[in-house]
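Subject: Handover of a structure and findings

Dear colleague,

Please find the structure below.

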Amino acid sequence: MASNRPTPEDPSAYELDDRGAYAGPGVDGGDGPWEEWNPTEESTRSVRGKHRVAKQRGGGFARSGTVLGVGVIAAVGASGMASAEDRPPVPISMPDIGGMTDDLSEKLPDAKELPGIGELISDEDSTATDAASAPADGTATAAQTGVDTGNAAGAGEALRSRILQQADAQQGTAEQEAREAAEKAAVQQAATEAAAHQKSAEKAAAAKKAAEMEAKRKAEEAARRKAEAERLAELAKSFIAPVSSYTLTASFGQAGDRWAADHTGQDFAAPTGTPVKAVHSGTITQAGWAGSYGYRIVLTLDDGTELWFCHLSSMVKTSGKVNTGDVIGRVGATGNVTGPHLHLEVRPDAGDPIDPMPWLRDHGLSV
């Protein structure tokens with residue numbers, strides 16, 4: 001092994017040929033072949049390269065130069081590793097890749113000023129850095145994966161937001177429909193209740209009217225009865241029973257062998273000589289013997305009704321005006337009779353006879 005020698009100075013990047021190989025001395029007219037140099041741990045020193053910070057022009061291209069240098073170093077290293085097994089060790093000299101890329105980047109124009117390219121470059125350094133640092137084999141870096149994950153998360157969030165908006169819209173529509181249905185049901189319920197209330201009110205009004213009419217009818221009936229009672233009371237003052245003490249025997253319409261047809265009056269049985277009184281004021285139009293009626297007095301009232309008093313034993317008044325209660329004769333048994341009694345007939349308008357009992361009651365008499 002040769003003795004340790006100082007590390008030769010790195011050649012300039014401009015001494016590389018078109019293929020990227022070193023074109024220094026001994027190569028294509030150089031000064032001669034290099035001596036073999038086998039570096040050891042004691043003789044190796046750090047490569048003194050140009051460590052200048054590239055001016056950030058446009059952001060993307062400056063960092064792309066650095067990435068290019070790293071790629072060249074990786075390629076050279078991979079080539080050396082691939083041939084190390086078959087070939088003996090050879091001296092390797094690395095050019096100043098960093099200086100070369102810095103010089104080139106200073107001479108390149110700003111990427112944003114290039115026509116058709118400037119608008120494609122984003123001002124965000126994270127996006128450009130992630131795109132420039134993507135490996136050549138097409139595999140995604142962690143930054144790109146983060147961007148894709150962020151884009152996917154953003155798309156998922158947008159989808160979630162859209163779904164939530166649609167759900168909110170559907171819920172709002174459902175709530176609106178529910179409110180409208182509730183309002184419609186409330187209106188229908190109110191209309192039904194109003195109709196029922198109106199019907200109930202009409203029914204109550206009809207019942208009230210019927211009650212009022214019934215009350216009016218009852219009041220009119222009571223007034224009529226009162227008026228009738230007053231009339232009968234007044235008539236009672238002007239009508240009296242024909243005899244004071246009597247027994248009712250043969251009635252109106254009763255059949256018997258003592259008369260040719262049915263009985264035409266009412267019989268008041270009483271002792272012979274009992275006074276017979278004028279039932280009401282009127283005029284005596286007939287008095288005398290009447291065959292089977294015996295002695296008979298006919299009293300004509302002011303309305304034309306004739307009262308026949310028959311079977312009298314004697315006649316006290318035979319003509320002229322008489323007043324209610326005047327004695328006009330006495331009970332007897334003359335004519336076709338079986339015993340003393342007064343036979344009374346009532347003939348309205350001097351016509352056919354009627355039942356005397358209802359007529360006397362209608363005139364306020366209790367017989």
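Two strands are said to pair if DSSP finds at least two bridges between them. Strands (E, at least two residues) are DSSP runs, numbered from the N terminus. This is a predicted model, in which local features need pLDDT of at least 70 and side-chain atom pairs count only at pLDDT 80 or more, while totals for chains, interfaces and linings use all residues. Residues are numbered from 1 along each chain as its sequence is written, and side-chain values use heavy atoms, with hydrogens and water left out.

Strand β6 and its partners

Strand β6 covers residues 306–315. Its pairing with strand β8 (residues 327–331) is antiparallel and consists of three bridges; there, methionine 315 has glycine 329 of β8 as its bridge partner. Strand β9 also runs antiparallel to β6, joined by five bridges, and valine 346 in β9 is the bridge partner of leucine 307. Five bridges likewise connect β6 with strand β5 (residues 295–301), again antiparallel, and phenylalanine 309 in β6 stands opposite isoleucine 297. The hairpin of β5 and β6 has four residues between the strands, and glycine 304 in this hairpin takes a positive phi near 95 degrees.

Why is strand β6 described as largely enclosed by the rest of the structure? Seven of its 10 residues are buried, so the description applies. Buried means under 20% relative accessible area, exposed means over 50%, and partly exposed lies in between (1.4 Å probe, protein chains only).

Histidine 341

Histidine 341 belongs to strand β9 (residues 341–347). Histidine 341 counts as buried because its relative accessible area is 10%. A polar atom of its side chain lies 2.8 Å from the backbone oxygen of glycine 339. Contact here means heavy atoms within 4.5 Å.

Glycine 294

Where is glycine 294 placed? Glycine 294 lies in the loop between β4 (282–289) and β5. With a relative accessible area of 0%, glycine 294 is buried. Not counting residues up to four places away in sequence, glycine 294 touches Gly288, Trp289, His311, Thr334 and Gly335.

Yours sincerely

How values were computed. A polar contact is a pair of N or O atoms within 3.5 Å; within protein, one must be able to donate a hydrogen and the other to accept it, and residues adjacent in sequence count only if both atoms are side-chain atoms.
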